[in-house]
Amino acid sequence: MKSGKCMSIQILLGLLVGILMVARVASHDYGDALSKCILFFEGQRSGKLPSTQRMTWRKDSALSDGSDVGVDLVGGYYDAGDNIKFSFPMAFSTTMLAWSILEFGHLMGSEHENALESLKWSTDYFLKATSVPGKVVAAVGNPKGDHNCWERPEDMDIPRTSYLVNTTKPGSEVSAEIAAALAASSMVFKSVDSQYSNLLLQRAFQVFQFAYQYQGSYNYSVGEGACPFYCDYDGYMDELIWGAAWLFKATNEQKYWNYVVENIHYLENSVKTESKKAVYVGGCFADFGWDGKNAGINVLVSRWVMNTSKSDPFVSYADKFFCTVLPESPTRWVTYSPGGLMFKYGAKSIVNSQHVTATSFLLLVYSQYLTMFNRNFQCGDVAVSPSRLVQLAKVQVDYLLGSNSMGMSFMVGYGQKFPQRIHHRGSTLPSIDKYPKRLKCHDGDEFFKTKDPNLNVLTGAIVGGPDISDKFEDNRSNWKQSEPTTYINAPFVGVLAYFKVYPNS
Ligand SMILES: *[C@@H]1O[C@H](CO)[C@@H](O)[C@H](O)[C@H]1NC(C)=O
Ligand SMILES: *[C@@H]1O[C@H](CO)[C@@H](O)[C@H](O)[C@H]1NC(C)=O
Ligand SMILES: *[C@@H]1O[C@H](CO)[C@@H](O)[C@H](O)[C@H]1NC(C)=O
Ligand SMILES: *[C@@H]1O[C@H](CO)[C@@H](O)[C@H](O)[C@H]1NC(C)=O
């Protein structure tokens, strides 16, 4: 009897400790993660750094960019662990930063200012990259040359070739994505600096017109400046529609909405070729990332479509997209690791966390829109509520921040345990402060090969993350898992702002 009672008290105590531990693990400092998520962009800066630069191991770099074409192209962001300025993914990251601020900026508190700065670093660059009418800069820096070297951005000696699209060698995807970025950003800056906002909007008109009037893929126009690193695999119609949707959101001009409505059917045929399943999933509603904008288009426009009596095809496509994601959905295509991290079907898990952050963002945005219009939806027999979408996003966020079997955060500098050997040139090599002498192309190789941790902490960088069996190799050779990119972080800025204010949702 006595010992039995004792046992049950022990069990109770054990349970209590267990619950407390789960609670401790499950609750994250989303505010801290948000600050770091934004700070990361300072580590990716190209050009002349301002006196306000907080990530001080980085210095000025690529100060002659554009000199080969007689245009000032100093500034912008390096896209990932390399030192190339690829406009296509940079523009997508910019659109997502702007969308993050539009939806969740009011929840950011003191980080709002930093978020605006991270956005302006991009928009200032895109104003330069589109300053000559009829031309758009698609990339700066020779990608093959860069990938052959392991160099700090501060002492690159590879050709800083400028790759431009123009009226005879067009690039509708890169141009229309820049138009989307400029239009979205014009809305962000409207209440902050109306003159700057107007400049961005005027440029968005011009660049969209160029993308629309001279149609073609930059794949063919700039060759090595696009492929194989950021080939446009799924065509440019999605970017044209996405650009038009953002211009409609920014201006309410009917002609942009007409463009979206009249062209959305084109996406039904723009499909992936990896397998029959991917063909079914891709196309009209499933993809969202630097290449495919389809799911983003449907979620973005669903806010005003839900506000009318008509809902097709956009809202039904958006519903269908989430039905490919939700674990309980009979039409699910996304797979989940045993620990609960989502893996996009057909993505072959390449830089998987980009899909996790972008999808989490769409989950939260759609949840908000459903709530505004008091709407639920069905995946077959399964009813889906707005709060269910938030719940799934939270599981994904918490996993990336450390609630996983490895007990590891995939954001550098967040939590007790995080990746130490990220695939990132600047982070790996000694800083200019510590080692001012120039390190040439292959001088960095020893720093790449060493088992030692990286020398500079690229705070806030979210890496590609673990594989589908929840295994992570903290090794800079394994770039799929250990490389950060701007388009992983950009949507996460909005997601973290949400959970900073609603940590218990
Ligand atoms: C467009 O760029 C190509 C080089 O990529 C050049 O040969 C052509 O003359 C340019 N066209 C115009 C109209 O500037
Ligand atoms: C761009 O190039 C890739 C790789 O060669 C190809 O798969 C894709 O279809 C091309 N995109 C367009 C729009 O032609
Ligand atoms: C719905 O449309 C009305 C009229 O244009 C507008 O005032 C309202 O803000 C819209 N609602 C939402 C949630 O966007
Ligand atoms: C990283 O992976 C490479 C290639 O698989 C291997 O040679 C190297 O020893 C690994 N480094 C560490 C730190 O595990």
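The exercises below, each with a worked solution, concern a predicted model.

**Exercise 1. Packing of two helices**

Determine how helix H3 and helix H4 pack, and which residues form their contact.

*Solution.* 
Step 1. Two packed helices are described by the angle between their axes and the distance between the axes.
Step 2. Locate the elements: H3 covers residues 87-104, and H4 covers residues 111-129. Their packing angle is about 145 degrees, and the axes are 10 Å apart.
Step 3. Assign the hand: H3 and H4 cross in a left-handed manner.
Step 4. List the contact residues, taking heavy atoms within 4.5 Å as the criterion. H3 contributes Ser87, Met90, Ala91, Thr94, Leu97, Ala98 and Ile101. From H4 come His112, Ala115, Leu116, Ser118, Leu119, Ser122, Thr123, Tyr125 and Phe126.
Step 5. Sort the residues of this contact by class: 10 are nonpolar, six are polar and none is charged.

**Exercise 2. The surroundings of ligand 2**

Identify the residues around ligand 2, its polar contacts and the share of its accessible area that the protein covers.

*Solution.* 
Step 1. The shell consists of Ser217, Asn219, Tyr220, Cys227, Cys231, Asp232, Tyr233 and Gly235. By class, four of these residues are nonpolar, three are polar and one is charged.
Step 2. Consider the side chains. Asn219 places a polar side-chain atom 2.3 Å from an oxygen atom of ligand 2. For Tyr220, an N or O atom of the side chain is 2.6 Å from an oxygen atom of the ligand.
Step 3. Consider the backbone. Asp232 has a backbone N or O atom 2.6 Å from a nitrogen atom of ligand 2.
Step 4. On its own, ligand 2 has 360 Å² of accessible area, of which the protein covers 58%.

**Exercise 3. The surroundings of ligand 3**

Carry out the corresponding analysis for ligand 3.

*Solution.* 
Step 1. Arg303, Asn307, Met372 and Phe373 surround ligand 3.
Step 2. An N or O atom in the Arg303 side chain lies 3.0 Å from an oxygen atom of this ligand.
Step 3. The protein covers 35% of the 360 Å² of accessible area that ligand 3 has on its own.
Step 4. The shell comprises two nonpolar residues, one polar residue and one charged residue.

**Exercise 4. The setting of Tyr236**

*Solution.* 
Step 1. Tyr236 and Thr52 are separated by 184 residues in sequence and by 38 Å in space, C-alpha to C-alpha.

Notes
Residues are numbered from 1 along each chain as its sequence is written. Chains are lettered from A and ligands numbered from 1 in the order in which they are written. This is a predicted model: local features need pLDDT of at least 70, side-chain atom pairs count only at pLDDT 80 or more; totals for chains, interfaces and linings use all residues. Side-chain values use heavy atoms; hydrogens and water are left out. Axes are lines fitted to C-alpha atoms, for helices over the stretch in contact, and angles run from 0 to 180 degrees between N-to-C directions. Helices (H or I, at least four residues) and strands (E, at least two) are DSSP runs, numbered from the N terminus. A crossing is left-handed if the near helix is turned anticlockwise from the far one by less than a right angle, and right-handed if clockwise. Ala, Val, Leu, Ile, Met, Phe, Trp, Tyr, Cys and Pro count as nonpolar, Asp, Glu, Lys and Arg as charged, and the others, Gly among them, as polar. A residue is near a molecule or strand if one of its heavy atoms lies within 4 Å of it. A polar contact is a pair of N or O atoms within 3.5 Å; within protein, one must be able to donate a hydrogen and the other to accept it, and residues adjacent in sequence count only if both atoms are side-chain atoms. Accessible areas come from the Shrake-Rupley method with a 1.4 Å probe; for residues, only the protein chains shown count as cover.
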